[in-house]
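I opened my notebook to work through one protein chain, piece by piece. These are my entries, in the order I looked things up.

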Amino acid sequence: MEIILLEDIVTLGFKDEIVTVKDGYGRNYLIPQGKAIIASDSAKKVLAENLKQRAHKIAQIKKEAEDLGAKLGGVTLTIMAKTSNRGVIYGSISNIQIAEALQAKGFEVDRKKILVKESIKEIGDYVAHIRLHRDVTVEIPFTVESENAAEEIAAAKAKEEAEREAIKAADKARKEAEAKAKEEGELSEEEQQEETPEATTSAE
């Protein structure tokens, strides 16, 4: 059956597009959920008139999508995940993590527009497809790496920092001890010098 989409659905199309779906999917899910209407002749005429009136706005939306697509063209992502020793991910990587990684780089992309065609369960290299507009789709390569290695590096750095602090503390304690010993030695010499005149007087 033919339907007119009332909102963007990444696996089907964009709002106001006419698409063909299975009757059950359309009548039992999309239409009851308010995501689409039946593409009757009257509905198509109304759609055509609305699109005509919104032509300028539609052109602007497309241009914005093209501009964003150009900026995303050279972007690559690295996504960290907790894994087993064999590199199997605890959970999976989805459009949510990709949207967050893009946001970290300064790109606000609706996760509903991000499509990952395979279930990502292991570390490795993958590609996400971002459909910014019906005529603008961008491929984003991304690598999934294990957090385990990062945690080991962080632990090693923490240990190294602790060792440096321990060396500094020991060096400080040594210098303080030397200074104290020197001070006590100087006091002892002064005491000896003070005792010498008394000894001379007694001898006289």
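**Entry 1: the whole chain**

First a reminder to myself: this is a predicted model. I counted the elements and got five helices and nine strands in the protein chain. Reading from the N terminus, I wrote the order down as β-β-α-β-α-α-β-β-α-β-β-β-β-α.

Next I checked how much is tucked away. Of the 204 residues in the protein chain, 25% are buried. The accessible surface is about 14200 Å², and carbon and sulfur atoms account for 51% of that. I also looked at contacts between residues at least 6 apart in sequence: 52% of them join residues at least 24 apart.

**Entry 2: the three-stranded sheet**

I began with the open sheet of three strands, which has the order E2-E1-E3 and antiparallel pairing. Its edge strands are E2 (18-20) and E3 (36-38), each pairing on one side only. From one strand to the next, the twist averages 40°.

Then I zoomed in on one pair. E1 (residues 2-5) and E2 run antiparallel and are joined by three bridges. Ile4 sits opposite Ile18 in E2. Helix H2 (residues 41-53) packs on this sheet and touches E1, E2 and E3. The direction of H2 makes about 30° with that of E1.

**Entry 3: the four-stranded sheet**

Which order do the strands take in the open sheet of four? I traced it as E4-E9-E8-E6, and the pairing is mixed.

I went through the pairs one at a time:

- E4 and E9 are parallel, with five bridges; Ala81 stands opposite Ser146 in E9.
- E8 and E9 are antiparallel, with nine bridges, and they form a hairpin with two residues between them. Here Ala128 faces Ile140 in E9.
- E6 and E8 are antiparallel too, joined by two bridges; the bridge partner of Leu115 is His129 in E8.

Helix H4 packs on this sheet, in touch with E4, E6, E8 and E9. Its direction makes about 125° with that of E4.

The covered face holds Val136, Val138, Ile140, Phe142, Val144 and Ser146. On the uncovered face I found Thr137, Glu139, Pro141, Thr143 and Glu145.

**Entry 4: helix H3**

I wanted to check the length of helix H3 (residues 55-72). It has 18 residues, and at 1.5 Å a residue it should span 26 Å. Its end C-alpha atoms are 26 Å apart, so the two agree.

Which residues of H3 are buried? They are Ala65, Gly69 and Leu72. Looking down the axis of H3, I saw that its buried residues fall within an arc of 60°, so they line one face of the helix. I noted the rule behind that: an α-helix has 3.6 residues a turn, so residues three or four places apart point the same way.

The face of H3 turned away from the buried side carries His56, Ala70 and Lys71, which are exposed. What covers the buried residues of H3? The cover includes helix H4 (95-104), strand E8 (124-133) and strand E9 (136-146). H3 lies across E8 and E9, and runs at about 160° to E8.

**Entry 5: two loop residues**

Last, I picked two residues from loops. Ser84 lies in the loop between E4 (77-81) and E5 (88-93). Is Ser84 buried or exposed? Its relative accessible area is 19%, so it counts as buried, the cut-off being under 20%. Leaving out residues up to four places away in sequence, Ser84 touches Tyr90 and Asn148.

Lys117 is in the loop between E6 (114-115) and E7 (120-122). Its relative accessibility is 65%, so Lys117 counts as exposed; the cut-off for that is over 50%. I also checked how far Lys117 is from Val127, 10 residues apart along the chain: their C-alpha atoms are separated by 8.5 Å.

Key: Residues are numbered from 1 along each chain as its sequence is written. This is a predicted model: local features need pLDDT of at least 70, side-chain atom pairs count only at pLDDT 80 or more; totals for chains, interfaces and linings use all residues. Side-chain values use heavy atoms; hydrogens and water are left out. Buried means under 20% relative accessible area, exposed over 50%, partly exposed in between (1.4 Å probe, protein chains only). Contact means heavy atoms within 4.5 Å. Accessible areas come from the Shrake-Rupley method with a 1.4 Å probe; for residues, only the protein chains shown count as cover. The expected span of a helix is 1.5 Å times one less than its number of residues. The arc is that of the directions from the helix axis to the C-beta atoms. Two strands pair if DSSP finds at least two bridges between them. Axes are lines fitted to C-alpha atoms, for helices over the stretch in contact, and angles run from 0 to 180 degrees between N-to-C directions.
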